[in-house]
Amino acid sequence: MRKLHLTSGVLGLVALGLAACSHDDLQTPAAENNRTDIERSLYVNISIHGDVGETRAAANDGTPVDGTSDFSNGTGESAIRSVYFVFYDDNGNPVGDVVSASPTWKDQVADADTGATNSVEKVGSETLMVSIPAGQENPTQVVCYINPVNRAHLKNPLSTIQTIELEEVSRTEGTTTYFPMSNSVYYKDGKVVTATPLDGKVYDSLEEAQNALAANTTVNIYVERYATKLQMNVADDAVSAYETGTMPDGVPNSSETPIPVTLTFNYQGWELNGVANSTYPVKSFREASTTGQILPNDLTFEFLNWRINSLASYNTNPEFGAANLLADGARWNWNNADLHRSYWGCSPVYFQSQYPEVVSDYLSSKLKDEINQTFYSYKDVLENGRGFNTTYYFPETTSGIPALTSKNPAAAVPSVIIVGNYTLKVDGTELEGTDEKPLSFYTYVPVRVNVNGELQSRPSVYFDTDDEDGISSAIGVEKTMSMKKRFLWQASVFYKKLADGSFTKYDVSNADDLAVLAAITEVARPSDGVLGVNSDNLDAGVKMADRSRTLQISDIVAIPGNLYINNNGVPQQVIANDGTPAVDDVTGNNTQIRLDDANKILWMNVGTCNYYSEGRGFFNIPVKHTGWYRKGNLQNGKNSIDFSQVRVGDLGMVRNHAYSVNVSKIIGLATGVGGEDTPLIPAADTKDVFVAYRVNILKWAVVPTQYVVLE
């Protein structure tokens with residue numbers, strides 16, 4: 001990692017002279033410090049190097065370069081409340097007590113260790129005394145914790161510290177916000193460096209330590225913040241009207257000219273969705289089992305580099321080996337030992353393998369209790385009130401192969417969701433809903449409309465029914481066909497039995513037939529019985545997005561005795577559900593069909609529409625990390641993300657990195673919101689992500705600013 005350009009925006013803390021004892025204590029002679037069977041005191045000159053700010057990955061194919069704008073200073077994120085050191089022996093066991101310090105800081109122009117000019121912000125140097133109890137080995141490595149939110153976890157073995165989960169990435173006291181920091185973790189010579197080696201710079205007496213300090217002999221520690229930071233903005237002129245159409249109230253025919261419909265998105269707020277609920281006290285590169293259980297060993301550099309820079313698609317399960325690596329010029333250089341930093345890590349959700357495909361998965365207690373992410377509803381976003389062009393801080397959230405090969409990788413990565421509602425014009429007249437009847441709408445099969453002189457295929461728009469007859473469009477949009485009536489025109493499976501025993505279709509062009517069907521059907525989400533879902537088995541049944549609606553026979557009205565459903569050419573009488581198969585007792589033939597089975601056939605017959613409850617919609621923008629900008633990423637410049645081609649490191653948020661997402665245009669149609677209290681999960685059936693953007697990561701390492709076109 002780079003000194004002073006930490007992913008989470010570490011304060012450039014360099015050469016912190018930490019004094020953990022009084023002046024009198026420092027004068028006490030050390031006693032036989034080469035022995036382990038007695039209590040003794042040792043002296044260490046400590047220098048803490050912190051990030052100037054966030055890391056940016058906008059330039060150089062995702063590889064930040066010293067002396068450039070790839071790193072930026074923290075903006076008030078470098079306040080120091082407390083500094084602690086934990087010393088360890090060769091086996092990673094804590095040695096002595098936790099040592100606190102109060103260094104004096106000064107600005108640093110160049111890092112004395114590497115000569116880097118843009119990575120170290122501040123330096124403080126002092127001599128530290130460490131008291132070692134009898135029976136413990138001398139320390140050989142050290143970890144520095146700045147502003148820890150919980151000191152109880154500090155004195156854990158190194159084998160444990162990478163698996164402890166903490167919830168806070170900042171803490172505000174009065175008017176000051178403090179950001180926890182700890183050692184920058186990176187690979188050097190193929191091995192993970194978590195604690196800083198003391199390299200023999202441990203002295204038996206204060207005099208020896210002071211002489212070494214005068215000769216600039218110190219232990220240089222590089223630290224980074226736990227947090228990531230994100231700024232979200234929408235350009236003032238970003239919103240463009242979305243032009244489409246609706247069919248007039250009559251028989252839907254592709255030759256008819258659609259009535260023009262204009263939808264204008266009014267964005268109201270944003271939130272970071274799918275973000276991890278916790279973080280680790282130090283950056284982790286630990287291995288995990290196929291079930292996600294954290295193992296004792298670290299990932300090898302060669303294996304992780306292959307996962308990040310693999311040539312083959314993940315779906316092909318390529319064999320580990322150099323032959324499957326991208327060419328040198330196409331790889332993302334995600335580790336920089338010279339600058340004491342890495343630009344990737346394993347967050348607590350990194351090895352999670354199951355993600356909600358639709359909102360019902362997330363709401364099931366089984367999955368919700370197992371995953372370590374939060375998904376927000378429309379109402380949550382408005383109540384949280386995150387402002388545009390304002391910086392916010394979040395836990396590190398990264399995803400590995402289990403996530404990217406899951407059934408819904410779109411839900412595995414942190415994403416900015418922008419919520420809002422639509423105002424509509426039909427044939428030039430703006431529609432107005434009421435408190436009693438808010439203006440909800442649906443989108444259904446495409447129509448051909450003229451957009452800027454070019455014929456385009458766009459979803460058609462329909463509205464809720466009027467309460468008086470159940471089939472007219474909502475008040476104020478009488479010229480258009482209601483969603484229910486459009487479905488009924490589409491349906492071809494409703495039959496009735498004639499006096500001679502033959503069957504004929506219900507004719508929706510006939511007012512009486514239309515009235516019968518309208519009275520017993522509704523535009524709704526299929527029941528669990530129709531979908532076949534089971535909260536105890538998330539793989540059971542059909543997954544349906546929360547926004548999806550179809551035509552269903554209602555289960556709260558009496559089913560007419562003369563209602564039949566055409567089931568593969570055989571009309572069957574629709575009867576209520578009672579949990580038993582619908583079989584004629586005399587002939588053994590299936591002359592009847594239960595309501596759930598009938599509704600399955602009806603759903604397959606008319607298809608699915610998208611519901612915009614009270615006109616609500618949202619856009620989903622996965623946050624791009626620095627790996628996205630590698631030369632080997634063929635998705636650069638495209639407006640949508642093909643998740644089957646996403647590599648480890650392309651998407652996600654890494655500690656001590658700063659991200660900014662700037663939406664320059666909103667010209668597409670948002671995803672419908674089925675209900676204001678329902679978590680907004682990008683459904684697995686969503687293939688296109690309507691965004692085109694870049695991310696800048698700032699000293700915090702600055703990730704390239706993500707410029708987004710929502711289309």
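1. Ground rules. The model is predicted: local features need pLDDT of at least 70, side-chain atom pairs count only at pLDDT 80 or more, and totals for chains, interfaces and linings use all residues. Residues are numbered from 1 along each chain as its sequence is written, and side-chain values use heavy atoms, with hydrogens and water left out.

2. The sheet. Five strands form an open sheet with mixed pairing, in the order β32-β31-β35-β36-β37. Its edge strands, β32 (503-505) and β37 (592-594), each pair on one side only. Strands here are DSSP runs of E, at least two residues, and helices are runs of H or I, at least four, numbered from the N terminus. Two strands pair if DSSP finds at least two bridges between them.

3. Inside the sheet. β31 (residues 494-497) and β35 (residues 564-567) run antiparallel and are joined by two bridges. Y495 stands opposite Y564 in β35.

4. The helix. α12 (residues 595-606) has 12 residues. Its buried residues (under 20% relative accessible area, 1.4 Å probe, protein chains only) include L595, A598, L602 and W603. After α12 comes G607, with a positive phi near 85°.

5. The hairpin. β29 (residues 441-451) and β30 (residues 454-463) pair in the antiparallel sense over 10 bridges. T443 has V461 in β30 as its bridge partner. Two residues lie between the strands, and N452 in the turn has a positive phi of about 55°.

Conventions
Contact = heavy atoms within 4.5 Å. Axes fitted to C-alpha atoms, helices over the stretch in contact; angles between N-to-C directions. Expected span 1.5 Å × (residues − 1). Buried < 20%, exposed > 50% of the residue type's maximum accessible area, 1.4 Å probe, protein only.
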